[in-house]
Amino acid sequence: MSGLADVTLRPERSDDAQTIRILTEEAFRPKAFSDGTEGALIDALRTASALTLSTVATEHGEIVGHVAFSPAAVGALPGWFALGPIAVRADRQGHGIGSQLIQDGLAHLQRDGAQGCVLAGDPNYYSRFGFVNTPALTYQGEQSRFIQVLRFAGPDPVGEVRFHPAFSG
Ligand SMILES: CC(C)(COP(=O)(O)OP(=O)(O)OC[C@H]1O[C@@H](n2cnc3c(N)ncnc32)[C@H](O)[C@@H]1OP(=O)(O)O)[C@@H](O)C(=O)NCCC(=O)NCCS
């Protein structure tokens, strides 16, 4: 199940919510781009039944990482999903756990027939998974180099990217 010796990935369970929120808040806290809402966003997506995938990475039974995927709109195209938030506990970063969560989630989406995945994040990190920026997309009416897409199938993505309303709440 895992490419890393002691890391196991599994879907979140109902009693994981608080651990996921705290882990996410703490991982984002030092980041200049964080607005401090990433932990609450996961709860809001869950409440809205919009957590398409919510996967935890565990080591020795302890949660050390998490990724969320939710439905997104890319132009008028069906079947697109957003990646994020993603967080790995600070003391476990840089060991491939984030990569594993992303690759596993993308494989799940693709298997389930998704057309693609979109995210807002640092291109230096996400390009390694095949995410690209394209001038054919806008976000809040403007082009942004942080908006990146990975197309699995269907037409090239064109138009305005919209994340689930929980992202702006
Ligand atoms: C981003 C994050 C989830 C990556 O998880 P991870 O388990 O540390 O990632 P991996 O071990 O798979 O990959 C580590 C690599 O990513 C790079 N990396 C991590 N965050 C990066 C970023 N924001 N920009 C560019 N590179 C980044 C590391 O430098 C490292 O590079 P290397 O493989 O060339 O040495 C984790 O660092 C984290 O929780 N950060 C705080 C929250 C956050 O920024 N989330 C993403 C917001 S878009």
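Colleague: S70 lies in strand β3. Is S70 buried or exposed?

Modeller: This is a predicted model, with residues numbered from 1 along each chain as its sequence is written. Strands (E, at least two residues) and helices (H or I, at least four) are DSSP runs numbered from the N terminus. Buried means under 20% relative accessible area, exposed over 50% and partly exposed in between (1.4 Å probe, protein chains only); the relative accessible area of S70 is 0%, so S70 is buried.

Colleague: Which residues does S70 touch?

Modeller: Contact means heavy atoms within 4.5 Å. Residues up to four places away in sequence are not counted, and the residues that S70 touches are L45, A50, T52, F81, A82 and F167.

Colleague: How many salt bridges are there?

Modeller: A salt bridge is a side-chain nitrogen of Lys or Arg within 4 Å of a carboxyl oxygen of Asp or Glu. By this rule the count is eight.

Colleague: How many residues apart in sequence are the parts that E59 and R92 tie together?

Modeller: The side chains of E59 and R92 form a salt bridge, with N to O at 2.6 Å. E59 belongs to strand β2 (residues 53–59) and R92 to the loop between β4 (77–88) and α3 (97–111), so the separation of the parts they tie together is 33 residues.

Colleague: Where does the salt-bridge partner of E62 lie?

Modeller: E62 and R89 meet through their side chains in a salt bridge (2.7 Å, N to O). E62 is in strand β3 (residues 62–74), so the pair ties together parts 27 residues apart in sequence, and R89 lies in the loop between β4 and α3.

Colleague: With which residue does R89 form a salt bridge of 2.8 Å?

Modeller: R89 has a relative accessible area of 24%, so R89 is partly exposed. The closest N and O atoms are 2.8 Å apart in its salt bridge with D91.

Colleague: At what angle do the axes of α1 and α2 cross?

Modeller: Axes are lines fitted to C-alpha atoms, for helices over the stretch in contact, and angles run from 0 to 180 degrees between N-to-C directions. The axes of α1 (residues 17–28) and α2 (residues 38–47) come within 7 Å, and their crossing angle is roughly 145 degrees.

Notes
Predicted model: local features only at pLDDT ≥ 70, side-chain atom pairs only at ≥ 80, totals over all residues. Heavy atoms only, no water.
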